[in-house]
Amino acid sequence: MLEECSSALCCFFKSSPFFFRDWEQKQRSTGYRYLSMGNLLKVLTCTDLEQGPNFFLDFENAQPTESEKEIYNQVNVVLKDAEGILEDLQSYRGAGHEIREAIQHPTDERLQEKAWGAVVPLVGKLKKFYEFSQRLEAALRGLLGALTSTPYSPTQHLEREQALAKQFAEILHFTLRFDELKMTNPAIQNDFSYYRRTLSRMRINNVPAEGENEVNNELANRMSLFYAEATPMLKTLSDATTKFVSENKNLPIENTTDCLSTMASVCRVMLETPEYRSRFTNEQTVSFCLRVMVGVIILYDHVHPVGAFAKTSKIDMKGCIKVLKDQPPNSVEGLLNALRYTTKHLNDETTSKQIKSMLQ
């Protein structure tokens, strides 16, 4: 029996060297110098791991290994444009004044032309945002393929392929930032609605419309559905993940959902463990980690059949909410609101009253 235990323990440590290193340091810091039979059995039965994987994911410095480079380079082409998209969205002011003037004076051709001239370039920006969401979807599916493939477990993948895990985190971070900006900017939908109404009227009157070639009717319909969502980028990622699962029927759905829950757990453990948190050299890494944790929880809640809040969920929701509430209140209210209002299963009967109470 002891020989079988030793063999299993050896396999475990070989598959997870980072865990063993950190576990050993923890034991030394608490005064333990050896593995007792009780601790041995606890490790073998994974009792110590119930709260999630215990390793450091280097969001600041992870570099791709040779085996990661192909996917990494493909995703990097997309991510290098992400900050520019956010800057354009943040500076988006809309054509509200011109549109109001045109609506209030429907017979004034000068005001109609002025409003149309203001809206057309803005719709060009909206088209750019939408097209970026399609590129991001393709990038996410490439990452999911790499991070859920056999024979490795999600934990092993995230540990071995930290550069890809970092890119996955960057996609989630971008998604939450984009959706936060979109939700607080009603001009986006107002501008696009005015564009479509005016374009329709021009067609009826056989008036040539500048800008029609850039956004044809089919594209306008897809863009309209995209911007009608409260959180359009999250919906894009959720649909992409669901599609990935349905198209890879030979891959158990747990490989994908476990990848998401593992990422949430890694972020939580790093945030609540002083030894890990002290390794962050950039003060922005904490907020990055918090946003990624929330993003992956929301994605898991949309993709998993019973969601993130059920007792059977592999995400420690109480622990994650506690980590959020331990931060300065003004810095996380938006993230708490994201859990309150953009998740799918929070108000299900299977969600405990304690979790609902923590998010009130």
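What percentage of the 360 residues in the protein is buried? Buried residues make up 49% of them, where buried means under 20% relative accessible area, exposed over 50% and partly exposed in between (1.4 Å probe, protein chains only).

## About the model

This is a predicted model, in which local features need pLDDT of at least 70 and side-chain atom pairs count only at pLDDT 80 or more, while totals for chains, interfaces and linings use all residues. Residues are numbered from 1 along each chain as its sequence is written, and side-chain values use heavy atoms, leaving out hydrogens and water.

## Overall fold

You will find 18 helices and zero strands here; helices (H or I, at least four residues) and strands (E, at least two) are DSSP runs, numbered from the N terminus. Of the contacts with a separation of 6 or more, 78% join residues 24 or more positions apart, a contact being heavy atoms within 4.5 Å.

## Salt bridges

The structure holds 16 salt bridges, each a side-chain nitrogen of Lys or Arg within 4 Å of a carboxyl oxygen of Asp or Glu. One of them pairs Glu137 with Arg141 (3.9 Å, N to O). These two are four residues apart in helix H7 (residues 109-147), so about one helical turn separates them. Glu137 is buried at 16% relative accessible area, and Arg141 is partly exposed at 22%. Shared partners also link Lys80, Asp81 and Arg135 into one salt-bridge network.

Asp81 is partly exposed at 28% relative accessibility, and Lys80 is exposed at 58%.
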